[in-house]
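Visitor: I've got a model up on my screen and would like a quick tour. Could you walk me through it?

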Amino acid sequence: MSTMQFGVMSVGDITTDPTNGTTPTENDRIKAAVAIAKKSEDIGLDVFATGEHHNPPFHPSSPTTLLAYIGAQTEKLILSTSTTLITTNDPVKIAEDYATLQHLVDGRMDLMLGRGNTAPVYPWFGKDMSKAIELTIENYQLLRMLWSEPVVNWEGQFRTPLQGFTSTPAPLDGVAPFVWHGSIRTPEVAELAAFHGDGYFANNIFWPKEHYIRLINFYRQRFAHYGHGTPEQAIVGLGGQFFMRKNSQDAINEFRPYFDNAPVYGHGPSLEDFSSQTPLTVGSPQQVLERTLAFADYFGDYQRQMFLIDHAGLPLKTVLEQLDLLGEILPTMRAEFDARRPANVPDAPTHAARVEASAQANEPMEVTA
Amino acid sequence: MTTKIVAISAGLGDPSTTRMLADRIAAASANAIDDNTSIEVVNLREFAHEITDAALAGFAAPGLQHVYDLVGAADALIVVAPTFKASYPGLFKSFIDALDNDALTGKIVLLAATGGTARHSLVIDYALRPLFAYLQAVVIPTGIFASGHDWGSSGETALQSRIERAAAELASLLGGNGSGRSADDEIDLFSPTMLSISQPQ
């Protein structure tokens, strides 16, 4: 495992291919997620992450089921989420599900917590959206307790109290899964990540980089404020998206109909404007390489780079071709990032490293990375 | 110190009487204010595509973002909208929709409108004023409405005298402390929610 991790994250959208009008079935997309994950390991990526949604047109409502199935068919790939809903899931079930996954895949997993942005999901799960930040904070504090204390006595605002509760299974090797906190506009989430020395992830997909820089810098400063290290030693993950072909004009021509009809930004800015204003890169592998390497200039040296490559109705075959092309530039991407990284910037978190650090510190939950 | 005035003209034509009115109000305001003034007049027509893109993509392209930055930094705003179907144009509302939520909090705003006939003159009070009340702007009492015949009127009620009265009100408000509120971009480290992270119950 190199010092920085690279991977793909899937939103899990089921979108009609605008070039031929065909829509994959839920079964197609679920099996495609498995194929994409296995291919990710084949081309040398480190991480596969799935989103979590509870409404059409998305399939991943049961992330740990999907990730465990992938885990059984891979050997090195880290299974993660993008994101796990800390607001509407019961923290007890998160503790149980992800600890079980951690055991099954021998620690090859972590998770990214997020609030979710689909308003009706809150009432569907009996929660109040206006309390999203408070739910995030309370649920995460309980989740940590469930993973660190053998017997939990707890009382909060949003959930039935727990008396004499033991979350099973306990985390593998007594070390809780590493947690990333994903957010692009909420300072409280950056503060939560910083206070606990957890990772902070900015999706870095839909907006200009300036929108992300502010909260990443805030997280880095608060990470240092709470004594976990210098701002440069905070654990940062970034998203990104690309579409590439050997010839950049081929990439633009092929991707344009998917872009123009894509969920979120379709029918809005032109492909050209959107790619110049946001981190989207549509072009040659060399262009994707250069644009990605520049992320570290804006956000500082960071630990994890995740790409969105399977959305907007792109057929599985095309997505797998994108992975082949990514595989070709991946060794250079790793080498260039590693070459620029100062020695004091920590490696990306892995279970093995956290077990080792925990043994040294002899304080299982005070591990930073 | 320079007082920064930004005038937003929501006229869609070119040439535009809405733009003409915006220019006259801006000039009168500069006259009424003792300090040095800088005046920027923005024609929304030029940003029509970027405003639509912002509505769909959720962020402003660089040209439109520059306008939002000007608005944010302005000491006072002059807003002039034409009347379309008894209200301001949809493009103007889309421009406002993509503003940061608190961008106009406490901002001193002069409202003006143009319309085909005087029968539209309450558009300022029935359409524009409620919008700016929602945005928590400090709107000056005099609104300036100009229909076709106003451009040839004379005497006490003439367009120019109303422009000067509104400009004087604007200058007077600028000389005071406003509402004492303004957009706050700082992260509040000491809110109860923020503190509940590092000091759990």
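## A walk through two chains

Guide: Let's start at one spot in this predicted model. If we skip neighbours within four places in sequence, Pro187(A) is in contact with Leu215(A), Phe218(A) and Ile187(B).

Visitor: Is Pro187(A) buried or exposed?

Guide: First, the setting: Pro187(A) belongs to helix 6 of chain A. The cut-off for burial is 20 or more other C-beta atoms within 10 Å. Pro187(A) has 22 of them, so the residue is buried.

Visitor: At roughly what angle do helix 6 and helix 7 of chain A cross?

Guide: Two packed helices are described by the angle between their axes and the distance between the axes. Here helix 6 (residues 187-196) and helix 7 (residues 210-225) of chain A have axes that come within 8 Å. Helix 6 of chain A passes helix 7 of chain A in a right-handed crossing. The angle is roughly 35°.

Visitor: By class, what residues make up that contact of helix 6 with helix 7 of chain A?

Guide: Helix 6 of chain A brings Pro187(A), Ala190(A), Glu191(A), Ala193(A) and Ala194(A), while helix 7 of chain A answers with Leu215(A), Phe218(A), Tyr219(A), Arg222(A) and Phe223(A). Sorted by class, that's eight nonpolar, no polar and two charged residues.

Visitor: How are helix 2 and helix 3 of chain A oriented, roughly parallel or roughly antiparallel?

Guide: Helix 2 (residues 63-72) and helix 3 (residues 91-104) of chain A have axes 10 Å apart and an angle of about 0°. Angles under 35 degrees count as roughly parallel. Helix 2 and helix 3 of chain A are therefore roughly parallel to each other.

Visitor: Which residues of helix 3 of chain A meet helix 2 of chain A?

Guide: On the helix 2 side of chain A you'll find Thr64(A), Leu67(A), Ala68(A) and Gly71(A). By class, this contact has five nonpolar, two polar and one charged residues. The partners in helix 3 of chain A are Asp97(A), Tyr98(A), Leu101(A) and Leu104(A).

Visitor: Zooming out, what radius of gyration does chain A have?

Guide: Chain A comes to twelve helices and 13 strands, and its C-alpha atoms fill a box of roughly 60 × 45 × 40 Å. Of its 369 residues, 48% count as buried. A compact globule with 369 residues would be near 21 Å, which agrees with the radius of gyration of chain A, 20 Å.

Visitor: Which helix of chain B gives the most to the side that touches chain A?

Guide: The contact takes 20 residues from chain A and 13 residues from chain B. Helix 2 (48-57) and helix 7 (192-198) of chain B each supply at least two residues of that side of chain B. The residues there divide into eight nonpolar, four polar and one charged. With five residues, the top contributor is helix 7 of chain B.

Visitor: Last one: is His267(A) buried or exposed?

Guide: His267(A) is in the loop between helix 8 (248-260) and helix 9 (271-277) of chain A. Its phi is positive, about 65°, although it is not a glycine. With 11 other C-beta atoms within 10 Å, His267(A) is exposed.

How values were computed: Residues are numbered from 1 along each chain as its sequence is written. Chains are lettered from A and ligands numbered from 1 in the order in which they are written. This is a predicted model: local features need pLDDT of at least 70, side-chain atom pairs count only at pLDDT 80 or more; totals for chains, interfaces and linings use all residues. Axes are lines fitted to C-alpha atoms, for helices over the stretch in contact, and angles run from 0 to 180 degrees between N-to-C directions. Helices (H or I, at least four residues) and strands (E, at least two) are DSSP runs, numbered from the N terminus. Angles under 35 degrees count as roughly parallel, over 145 as roughly antiparallel, 65 to 115 as roughly perpendicular and the rest as oblique. Two residues are in contact if their C-beta atoms, placed from the backbone, lie within 7 Å. Ala, Val, Leu, Ile, Met, Phe, Trp, Tyr, Cys and Pro count as nonpolar, Asp, Glu, Lys and Arg as charged, and the others, Gly among them, as polar. The radius of gyration is taken over C-alpha atoms; the globule rule is 2.2 Å times the number of residues to the power 0.38. A residue is buried if 20 or more other C-beta atoms lie within 10 Å of its own, exposed if 12 or fewer, and partly exposed in between; C-beta atoms are placed from the backbone. A crossing is left-handed if the near helix is turned anticlockwise from the far one by less than a right angle, and right-handed if clockwise.
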